Amino acid sequence: MPKKYIDVAICYDFDGTLAPGNMHEHGFIEKMGLTVQDFWTLSDDLALEQNADNNLAYMCLTLQYAKRLGTTKKDFMSYGRDVKYFNGVENWFDRINEFGKKLGIRVEHYLISSGLSEMVEGMSIYPKFTRVYANRYMYDNNGVAFWPARIVNYTDKTQYLYRISKGCLDETDKSVNNRSEYIRIPFKNMLYFGDGLTDVPCMAILQEHEGHCIGVYTPDKNKKTVEKLLEDKRVNVIAEGDYSEGSKIDKYVKSLLLKIKADHVLDNQ
């Protein structure tokens, strides 16, 4: 008889959570002939001028330059290959999976990001995710982006927690809205990693349902923001962006997996 595992989902924002800065900042903005500050100023100004969603504004700006440069999906993927992660990220997933396996826990990893899915597909860690939910484009017959296919803003992110919990992983699966007694992964067995205010809706849902949240910071950038998340009880713990063995993140997640295992045993006495 096959072994019955406890299913656990770890969900991650990307920019500032698994890597410092934004994924656009690792080659693409430079290719556009802009500085990082120039790009985000133009994007914010466009959003304000058009009363637009910030994600749609940056995707519009990216698209304008992508068309000029003839940027294809493969080109976007190539920029993803240049992204530099926080320390320990590249072997993090396998290490945590192995630790969980020894406890009888099957760990699944999900990316829920307002970055570009195409760039993520070019990253070395892409195969480690069960699913990637992120912004992406439609492409013409020449492989050149011409229109947004999907955006994932701060409130959109929450639907993916429900999809993961209910097992409705396909983004076109409308049954996620159906009332159902079947829960594949309860929120209490979910963990969310985020670095800022755009992660608050996801954090609020998990905190309300006994889930777990980690605020990740880069010391010289967003530590005060993440400290405020802890003060407001949006997260259970905060930690510097370091996923190496023995780091605060590593110790916390392993302790959490031990707790989930113990709770499962106690609940099934």
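Which residue forms a salt bridge with Arg106, and how far apart are the closest N and O atoms? The partner is Asp7, and the closest N and O atoms are 2.7 Å apart. The model is predicted, so local features require pLDDT of at least 70 and side-chain atom pairs count only at pLDDT 80 or more, whereas totals for chains, interfaces and linings use all residues. Residues are numbered from 1 along each chain as its sequence is written, and side-chain values use heavy atoms, with hydrogens and water left out.

A salt bridge is a side-chain nitrogen of Lys or Arg within 4 Å of a carboxyl oxygen of Asp or Glu; the whole structure contains 14 of them. Arg106 belongs to strand E2 (residues 105-116) and Asp7 to strand E1 (residues 6-12), so their pairing ties together parts that are 99 residues apart in sequence. Strands (E, at least two residues) and helices (H or I, at least four) are DSSP runs, numbered from the N terminus. Relative accessible area, computed with a 1.4 Å probe on protein chains only, classes a residue as buried under 20%, exposed over 50% and partly exposed in between. Arg106, at 42%, is therefore partly exposed, while Asp7, at 11%, is buried.

A further salt bridge links the side chains of Glu171 and Arg150, at 3.1 Å from N to O. Glu171 is in the loop between H7 and strand E5 (190-194) and Arg150 is in strand E4, so this pair ties together parts 21 residues apart in sequence. Glu171 is buried because its relative accessibility is 15%.

Glu245 and Lys254 also meet through their side chains, with an N to O distance of 3.9 Å. Glu245 is exposed at 60%, but Lys254 is buried at 15%.

Two packed helices are described by the angle between their axes and the distance between the axes. The axes of H7 (residues 157-166) and H8 (residues 200-208) come within 8 Å and cross at roughly 40°, axes being lines fitted to C-alpha atoms over the stretch in contact, with angles from 0 to 180 degrees between N-to-C directions. H7 is therefore oblique to H8, a class left over once angles under 35 degrees (roughly parallel), over 145 (roughly antiparallel) and 65 to 115 (roughly perpendicular) are set aside. The contact (heavy atoms within 4.5 Å) is made by Lys157, Thr158, Leu161 and Tyr162 of H7 with Pro201, Cys202, Ile205 and Leu206 of H8.
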